[in-house]
Structure formats: C-alpha cells, structure tokens
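Subject: Structure handover

Hello,

Here is the structure I promised you. Please open it beside this email and follow along.

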Amino acid sequence: MTGLGYTVPAVASVLAVIGLEFTLLNTGLFRRLAYWLSMVIVLGFQVPVDGWLTKTSAPVVIYNDRDTSGVRFLLDIPVEDFLFGFALVTAVLLVWEYQRAHR
C-alpha cells in the first residue's frame with residue numbers, strides 16, 4: 001500500500017480546502033454550527049450509500065489496495081472517501097459563502 005493513488009490526493013484535498021479558507025477566503029464557515037450540522041446531514045446520506053457501494057462482502061466499487069491506506073470505517077468505507085467528501089462539500093460551501101459576502 002503506497003496510498004499515492006488515492007490517499008495522498010484525499011489528504012491533499014482536505015489540506016487545500018482548509019488552507020484556502022484560512023489564507024484566502026476567510027468566510028468563518030468553520031465557526032458556524034450550521035456548517036457542522038450540514039456535515040452531519042451529508043454523512044447521514046454518505047454512509048449508507050458509500051457503505052453499499054464499497055462493502056467488502058459485495059462491492060460495486062473496487063479500489064486497488066496499493067492506492068489506498070487500507071483503513072476502512074463504518075460499513076467498510078475507505079477513510080479516503082470521507083476525506084474527499086469533506087473537501088468537496090466544504091469547498092462548495094466556502095465558495096458559496098465567499099460569493100455571497102462579496103456581492
């Protein structure tokens with residue numbers, strides 16, 4: 001397992017989104033309860049769907065083990081899926097908030 005194909009980009013995406021917020025956008029999104037509640041809602045949908053897609057007993061999506069960390073969480077979901085999900089949803093909300101504040 002090298003993690004170069006999926007783990008490294010997943011971690012990099014999280015760091016890029018956090019860096020974008022704290023260096024450029026400064027929306028204050030991470031300080032809002034509404035943001036964290038929305039992330040709980042996202043997880044409420046992500047876990048059953050992603051769990052069904054990636055379960056090791058009958059996967060629909062199969063990851064190359066060399067490209068991941070091998071760490072799976074809740075219903076056999078690769079941890080990288082949570083990282084990419086966080087980065088994607090957070091990036092959209094950050095841009096949304098930034099544009100709303102700069103109209």
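A residue counts as buried under 20% relative accessible area, as exposed over 50%, and as partly exposed in between. Arg-32 has 31% relative accessibility, so this residue is partly exposed. Please keep in mind that this is a predicted model.

**Overall layout**

The protein chain has three helices and two strands. Read from the N terminus, the order is α-α-β-β-α. The C-alpha atoms fill a box of roughly 50 × 25 × 20 Å along the principal axes. Of the 103 residues in the chain, 32% are buried. Take the contacts between residues at least 6 apart in sequence: 67% of them join residues at least 24 apart. The accessible surface comes to about 6700 Å². Carbon and sulfur atoms account for 71% of that surface.

**Charges and salt bridges**

The chain carries 7 positive and 8 negative side chains. The centres of these two sets lie 10 Å apart.

How many salt bridges does the structure hold? There are two. One joins the side chains of Glu-97 and Arg-32, with an N to O distance of 2.7 Å. Glu-97 sits in helix α3 (residues 79–101), while Arg-32 is in the loop between α1 (7–25) and α2, so this pair ties together parts that are 65 residues apart in sequence.

Glu-97 also forms a salt bridge with Arg-100. Here the closest N and O atoms are 2.6 Å apart. Arg-100 and Glu-97 are three residues apart in helix α3, so about one helical turn separates them.

Is Glu-97 buried or exposed? Glu-97 has 14% relative accessibility, so it counts as buried.

Now look at Asp-50, in helix α2. Asp-50 is buried, yet it has no salt bridge. Which side chain of opposite charge is nearest to Asp-50? It is Arg-72, at 7.6 Å. A salt bridge needs a side-chain nitrogen of Lys or Arg within 4 Å of a carboxyl oxygen of Asp or Glu. Leaving aside neighbours within four places in sequence, Asp-50 is in contact with Ile-77 and Asp-81.

Gln-46 is found in helix α2, which covers residues 33–54. Its relative accessibility is 16%, so Gln-46 counts as buried. Not counting residues up to four places away in sequence, Gln-46 touches Gly-51, Asp-81 and Phe-82.

**Ala-10**

Ala-10 lies in helix α1. At 0% relative accessibility, Ala-10 is buried. Which residues does Ala-10 touch, not counting those up to four places away in sequence? They are Glu-80, Leu-83 and Phe-84. Ala-10 and Asp-50 are 40 residues apart along the chain, and their C-alpha atoms are separated by 16 Å.

**Two positive phi values**

Asn-26 has a phi near 50°, a positive value in a residue other than glycine. Asn-26 is placed in the loop between α1 and α2. Its relative accessible area is 52%, so Asn-26 is exposed.

Leu-74 is not a glycine either, and its phi is positive at about 45°. Leu-74 lies in the loop between β1 and β2 (77–78). With a relative accessible area of 44%, Leu-74 is partly exposed.

Which residues make the nonpolar surface patch? Trp-52, Val-60 and Val-61 do, and the patch is about 290 Å². Val-61 is found in the loop between α2 and β1 (72–73). The relative accessible area of Val-61 is 32%, so this residue is partly exposed.

**To recap**

Asp-50 is buried with no salt bridge. Asn-26 and Leu-74 have positive phi values. Trp-52, Val-60 and Val-61 make a nonpolar surface patch.

Best wishes

Technical notes: Residues are numbered from 1 along each chain as its sequence is written. This is a predicted model: local features need pLDDT of at least 70, side-chain atom pairs count only at pLDDT 80 or more; totals for chains, interfaces and linings use all residues. Side-chain values use heavy atoms; hydrogens and water are left out. Helices (H or I, at least four residues) and strands (E, at least two) are DSSP runs, numbered from the N terminus. Buried means under 20% relative accessible area, exposed over 50%, partly exposed in between (1.4 Å probe, protein chains only). Contact means heavy atoms within 4.5 Å. Patches are made of residues with over 30% relative accessible area and no salt bridge: like charges are joined within 9 Å, nonpolar side chains (Val, Leu, Ile, Met, Phe, Trp, Tyr) within 5 Å. Accessible areas come from the Shrake-Rupley method with a 1.4 Å probe; for residues, only the protein chains shown count as cover. Lys and Arg count as positive and Asp and Glu as negative; His and the chain ends are not counted. The place of a charge is taken as NZ of Lys, CZ of Arg, CG of Asp or CD of Glu.
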